Amino acid sequence: MVDSNLSFVRTEMLQGETPPLGERGIVRWIRLNMMATPVDAILTILAIFFLAWFIPPMINWLFVQASWSGADRAVCSTVAQGGVMPDGWSGACWAYVNANFDQFMYGRYQLDQHWRVNLVGILFVVLLVPLLIPKAPFKTANAIVFFFIFPIAAFFLLVGGWFGLPYIETATWGGLLVTLVLSFVGIAISLPLGIVLALGRRSKMPVIKMLCVIFIEMVRGIPLVTVLFMASYMLPLFLPPGVSFDKFLRALIGVSLFASAYMAEVVRGGLQAIPKGQYEGADSLGLSYWQKTGLIVLPQALKMVIPGIVNTFIGLFKDTSLVSIISMFDLLGTVRQHFNDANWASPQTPISGLIFAGFVFWIFCFGMSRYSIFMERRLDTGHKR
Amino acid sequence: MASQDITPVDSGSAKASLLNDPRIRGYIYQVVVLVVLVGLVYWVVNNTIANLQRAHLATGFGFLDGRSGFDISSHPFTQYSSDSTYIKALYVGILNTMLVAVAGIITATIIGFVIGVGRLSHNWLIRKLCTVYVEVFRNIPPLLVIFFWYSGVLAVLPQARQSIALPFNTFLNNRGFFFPVPVFGEGAWLAGAAFIIAIVGTFFIRRWAYKRQMATGQRFPILWTSLALIIGLPLLAFALKGFPVTPDWPVLGGFNIKGGSLVGPEFMSLYLALSFYTASFIAEIVRAGIRGVGKGQSEASHALGLRAGTTTRLVVVPQAMRIIIPPLTSQYLNLTKNSSLAVAVGYPDLFAVGGTILNQTGRSIEVVAIFITVYLSLSVLTSLFMNWFNAKMALVER
């Protein structure tokens, strides 16, 4: 029987209503991410006030008011301070960075020989970039060239005295050049040395173990400046009379030994995390100690502690700035040296120079940490809990 | 037959070389290392003695009793003048190192915890701000941060005449930060004694209240009682003696500020830089610690009917602390060691004072030995304290 009283039967589905304004799009996002609770809302308002107070003056100081070029301090000082800017002016003095840029990069490295530094820099980038890209071919050859041939070539190029290149004293080096050379050599020495120390600390031979423990704990217990101090004041006392070390080399030794103690602890963490079964498996296969360590244990252990290793690299890179305390001039030291330059002394000079130096340091360290995160994800074989 | 040639030599036979025994090999390695090391030390000591004799340098710690002859700009807690001995100068240096380290540790912990919790906030804006803070400060050298404060911010503050007046009668100018200090009159010791008694009393009340709660389930309002005790008892003592305290206000007069107390720009820049720099690392540690506590823990706690605040206080924080404390210890040690960067801005810490002494006397070996001893002892002390704290917080298992 058909009920004919039914006046209307819907035959097609009704389209869904769009959600209310508060439940979609940007409004929903703001409600959920910035105004979820009253406390959240108050925090958001405070944060917005902070940003409004901080960002516009900063942009104004950094870019709008900044003086970008000029020959001396006049462009960075107000009339009252003996410059050309109107009284009450305040802005970044990029002209100072601009004028001294060469100094900040090369220090007092002989002017007509800067191409040598540039060449080393280009070689460094050309060799490093394919090494860092996982898909690039010829990894082994690339690594051998980068870690063995490049340092030798760089040494001859930078120091000179051979092949008709004029000899350049390391005392004249400065700026970013010193920072990069110190950190590269420090990294290249501290990683293998740290691995050896870590293995020594886990060794079953009491004498070797004790020596490694004493070295590691001693170095980790004292500040780097003390180590640098020792390297620069006491090393000459320890050597036979007449033998003298280059100051640069002394700083290099100090920095490398210091970083290797920290590296050793990072690597030890990885070694301890390898299950005992791996060692026993290697033993039961009849592998020798070095085969077991090199083929089974270290590849797993190092992979596990990549973040720690890169953190140590970053620490080392930042620590190279301390060599200015034993009167060597790295990037920070060179920038500071020029504060006293009568030609550029103005209230805005120090902070502009420091922001520039900080930015350069920041780019390198941030780059390293991002690359370590990328590598960690790539090497993750899914065995992690 | 050829097959008989490869029968294994039995291990007892004399044919197996002793060199292939891992134990014997181990001994040989160790003996070789020891011999090389002893030779090296002998060579170094010999060279050092020869060098010292050639340069007519005396050795020994006797020089420490001599008159130092240099002034130290900041020496709170102790009397010091250029007529004091070297050992007094070193003592002032150690005190200054400890002062900046303790102050820095407290501030860095507070900032670090706030930023670390902020990085886990549900609030997008707060989260991003905290991330920017961490990424900026983690990736620049501490020395640069010190100079930023010292020559970038504090050195360009106005002169004393145009001091910036801040709340609570404090002033800021390029000579530092001036603030009022209370001057205690006669009888103020009673308040100090009352304060100590109150703290000891609080400790015992807390123990008694805990025992009672364990036995009977009854709670005792510990927080209010102890607050009343710690604030009330010294106040009472003060009142008994007729408030023997007068504030020493800093007053702006002419070209300088008179009265009050002063924190110099050297200390301020070092303290601010160490706090801000280390805080970025502590923030990451705190974040990792809180993230390390499983989600099930807080869910179970909510299921039991605990409120959000109680869950954080009783369930999440105690477990997070177990993860946080060991790396936190090493950050404290780093801060203490980084305080040696004071030398760059001329704050007279141990390293700066020692450097001056070294330049005056040329006793490099002795001075470096003092450095190593003091910094190692500070490290050991901090580690011991944190290990004790760690053991207290550690998981108590069957």
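A residue is called buried if 20 or more other C-beta atoms lie within 10 Å of its own, exposed if 12 or fewer do, and partly exposed in between, with C-beta atoms placed from the backbone. The structure is a predicted model, in which local features need pLDDT of at least 70, side-chain atom pairs count only at pLDDT 80 or more, and totals for chains, interfaces and linings use all residues. Residues are numbered from 1 along each chain as its sequence is written, while chains are lettered from A and ligands numbered from 1 in the order in which they are written.

Helices (H or I, at least four residues) and strands (E, at least two) are DSSP runs, numbered from the N terminus. In helix 12 (residues 364-393) of chain B, the buried residues are B:Val367, B:Ile370, B:Phe371, B:Val374, B:Tyr375, B:Leu378 and B:Ser379. These residues pack against helix 8 (206-221) and helix 9 (224-233) of chain A, and against helix 3 (86-118), helix 10 (308-338) and helix 11 (350-361) of chain B.

| Span | Helix and strand | Distance between end C-alpha atoms |
|---|---|---|
| Chain B, residues 136-157 | 73% helix, 0% strand | 24 Å |
| Chain B, residues 222-240 | 100% helix, 0% strand | 26 Å |
| Chain A, residues 115-133 | 95% helix, 0% strand | 27 Å |
| Chain A, residues 211-236 | 88% helix, 0% strand | 24 Å |

Key. Contact = placed C-beta atoms within 7 Å.
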